[in-house]
Amino acid sequence: FAGVGKIQLPDLLVEVDAQTRFSWILLGRPPHSEQELVILYAALIALGSDMTASDLARMTLGLSADAVGEMMKRIEARGTLPEANLHVLDSFRALPIAQLWGAGIEASADMMSLDATRYHWAARQDPRRQTPAIGTYTHILDQWAILHDQPIILNKRQAGAAIEGALRHEQVELDRVAVDTHGFTHFAMAIAKMVGFDLCPRLAQLSDRKLYLPRGLAVPISLKPIVRETVSSRAISKGWDPLQRIAASVKLGWCSATYVLDRFGSAAHGELAFKAGDAFGRLLRTRYLATYLGNSEFRASIHALLSQGEAVHTLQRAIHSGPIGSKRGRTPEQMAAISSALTLLTNAVMTWNASRIGEVRATAADAFPDHHVRHIAPIAHAHINMRGVLTFNVTRFWGRLGNAGNGAAQLARAG
């Protein structure tokens, strides 16, 4: 990181935008002027951090709070932040160094709480910090980049959000998603398996967990204390057809996984589909625990994925270090914009870090072998100044960012 050097957040955003042109997606066209780009960057920072439009106007010369506020509303209304984030994600994954961090087919899913005022409609009490907060649920690839984000309500089961985020993109087909106990139910494990990936929970109170098996199997005496023969094969057979229809609806996007998991929760015990999904999920959990407990490499990979997620949340907290004000996030669309803007800023920081790490490594490949670089994460932020006077040097990259001559055609290809 001595070779990576220090940088201001505005310069970092301009460099990443010159590489990915995410500003074209947010505006819906190439920018008309350098001033418009500066306003866009300021609005993006205001959306994805704890700073307001007035804060950005005071920190950036030549900007008014009204201009930043109007651009924030425009970004929220267009709803293109997820698409812009995918452009940054594609650029990150195209870097050669990203292949050292993972294959890009595994991810972790977890929630990070953002402090909020208690008067906010979506705020709930955070049980850890005992403060009102709103959650943003992120799917983080084994390559470190954030694949998907969504705002959620605290203190609710997150299994539906874990499945939904793993499905709603075309860049990656995930084989495995690691979650904590809040992102797991037996029914969720069944749905996840049926739509094409494995839900891998790190379960709390593991010493009290049992292995569920169908009735009538010959169980070794040594395993009987931890085995419960409670899985009904008949329930799976009778409810298999409606369970398949539910899984197909989730897979094809006819209904969200969040709705399905709420609909077929603990209150749906009498439903055939729930009985089949719950029984099938218990068998899947038994198979998963056998691998988890018996294969130390597999167990370590699950823990590593979840640790990566927590590490990325540390970077996100450095960007969004304060509470969400009472005048922000008043609608689901505004909350989605806050979550996606934070994701875009986080991925931009990791893309710049990864690019610079690759450049430093290229100058001295022998000094940085693969097995060392594999353990150098792109989440460092102490060398990035995210506060103070903000100066956006757009002129240096205007030839690429403001290329209006062939901008429409390039934007169409990018979209």
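Thr117 is located in the loop that runs between strand 2 (106-115) and strand 3 (124-125). The structure is a predicted model.

**Thr117**
- Leaving aside residues up to four places away in sequence, Thr117 touches Ala123, Pro132, Ile324, Gly325 and Ser326.
- Between Thr117 and Ala235 there are 46 Å in space, C-alpha to C-alpha, and the two are 118 residues apart in sequence.

**Helix 1 and helix 6**
- The axes of helix 1 (residues 9-20) and helix 6 (residues 81-93) are 10 Å apart, and the two helices pack at an angle of about 85°.
- Because angles of 65 to 115 degrees count as roughly perpendicular, helix 1 and helix 6 are roughly perpendicular to each other.
- Helix 1 contributes Val16, Gln19 and Thr20 to the contact, where they meet His87, Val88 and Ser91 of helix 6.
- Classified by residue type, this contact of helix 1 with helix 6 comprises two nonpolar, four polar and no charged residues.

**Helix 9**
- Helix 9 (residues 186-195) is largely enclosed by the rest of the structure, since eight of its 10 residues are buried.
- The buried residues of helix 9 are His186, Phe187, Ala188, Met189, Ala190, Ile191, Ala192 and Val195.
- Their cover includes the helical elements helix 8 (159-167), helix 10 (233-252), helix 11 (257-263) and helix 12 (272-294).
- Strand 7 (198-202) and strand 8 (211-214) are also among the elements covering the buried residues of helix 9.

Key:
Residues are numbered from 1 along each chain as its sequence is written. This is a predicted model: local features need pLDDT of at least 70, side-chain atom pairs count only at pLDDT 80 or more; totals for chains, interfaces and linings use all residues. Side-chain values use heavy atoms; hydrogens and water are left out. Axes are lines fitted to C-alpha atoms, for helices over the stretch in contact, and angles run from 0 to 180 degrees between N-to-C directions. Helices (H or I, at least four residues) and strands (E, at least two) are DSSP runs, numbered from the N terminus. Angles under 35 degrees count as roughly parallel, over 145 as roughly antiparallel, 65 to 115 as roughly perpendicular and the rest as oblique. Contact means heavy atoms within 4.5 Å. Ala, Val, Leu, Ile, Met, Phe, Trp, Tyr, Cys and Pro count as nonpolar, Asp, Glu, Lys and Arg as charged, and the others, Gly among them, as polar. Buried means under 20% relative accessible area, exposed over 50%, partly exposed in between (1.4 Å probe, protein chains only).
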